[in-house]
Amino acid sequence: MTDPVSIWHAEHVRFASLLDFLQHQMTAFHDGQDPDYQLMRDVLHYLHNYADQYHHPREDAAFVHLVKRNPALRVPIQRLLQEHRVLAATGETLLNYLEDILNDTVIERETVEAAAATYLVYYRHHLATEEGEILPLAARLLEPEDWAAVATAVAIVSDPLFGNNASESYSALRKRISEAPFS
């Protein structure tokens, strides 16, 4: 799969599946059950260290070229750039809460639930906007030279969870994702 829009879309689908898993775990948390905090932490760690560090910067680079091709996109693109910053900050906050829980630090349930709800709502809305509005425009407006510039703007790294050379640190999460859909 070398088409950048297809790659972008495939990553969004994988991110959405992780959000489904996180939502499922947060429902268990809300209901007083014992969610898998380690796998929840792994999801946040992956999204923080892969999506926030590589996927979103590639999008940011593509956004620059989209605005050059269509200046009317400046305001919606600025909003998406801000959402990348919000996702990174809210994801880091939730990741820290999960780390604290795993280290037996007592945190109010409402605090964790509010952080997770904020993160999930923002992320899902963000993905929907990019999928529904931005990807079709990128496919139509960006030229091969734009995509070449995007490819050189951010280091290409293998996806540590879904890639061919996946990191061993995500093996439990990979196994859980492959077992069953989340409901």
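In the predicted model, helix α3 passes helix α4 in a left-handed crossing. The two helices pack at an angle of about 150°, and their axes lie 9 Å apart. Angles over 145 degrees count as roughly antiparallel, and α3 and α4 are therefore roughly antiparallel to each other. Sorted by class, the residues in the contact of α3 with α4 comprise 14 nonpolar, eight polar and four charged.

A further helix pair involves α3 and α2. Helix α2 covers residues 37-69 and helix α3 covers residues 74-102. The axes of these helices come within 9 Å and cross at roughly 165°. With that angle, α2 and α3 are likewise roughly antiparallel to each other, and the crossing of α2 and α3 is left-handed. The contact of α2 with α3 draws on 16 nonpolar residues, together with six polar and seven charged residues.

The loop between α3 and α4 contains D104. Most residues other than glycine have a negative phi. In D104, by contrast, phi is near 65°, a positive value in a residue other than glycine. The relative accessibility of D104 is 70%; because exposed means over 50%, D104 counts as exposed.

Helix α4 itself spans residues 109-141, and P136 is placed within this helix. P136 has a relative accessibility of 37%. Since buried means under 20% and exposed over 50%, P136 counts as partly exposed. When neighbours within four places in sequence are left aside, P136 is in contact with E130 and E131. The separation of P136 from A166 is 30 residues in sequence, and the C-alpha atoms of P136 and A166 are 29 Å apart in space.

Helix α1 was examined for its span. This helix comprises residues 4-30, a total of 27 residues. From its first C-alpha to its last, α1 reaches 38 Å, which is close to the 39 Å expected at 1.5 Å a residue. Just after α1, G32 adopts a positive phi of about 80°.

Definitions and conventions:
Residues are numbered from 1 along each chain as its sequence is written. This is a predicted model: local features need pLDDT of at least 70, side-chain atom pairs count only at pLDDT 80 or more; totals for chains, interfaces and linings use all residues. Side-chain values use heavy atoms; hydrogens and water are left out. Helices (H or I, at least four residues) and strands (E, at least two) are DSSP runs, numbered from the N terminus. Buried means under 20% relative accessible area, exposed over 50%, partly exposed in between (1.4 Å probe, protein chains only). Contact means heavy atoms within 4.5 Å. The expected span of a helix is 1.5 Å times one less than its number of residues. Axes are lines fitted to C-alpha atoms, for helices over the stretch in contact, and angles run from 0 to 180 degrees between N-to-C directions. Angles under 35 degrees count as roughly parallel, over 145 as roughly antiparallel, 65 to 115 as roughly perpendicular and the rest as oblique. A crossing is left-handed if the near helix is turned anticlockwise from the far one by less than a right angle, and right-handed if clockwise. Ala, Val, Leu, Ile, Met, Phe, Trp, Tyr, Cys and Pro count as nonpolar, Asp, Glu, Lys and Arg as charged, and the others, Gly among them, as polar.
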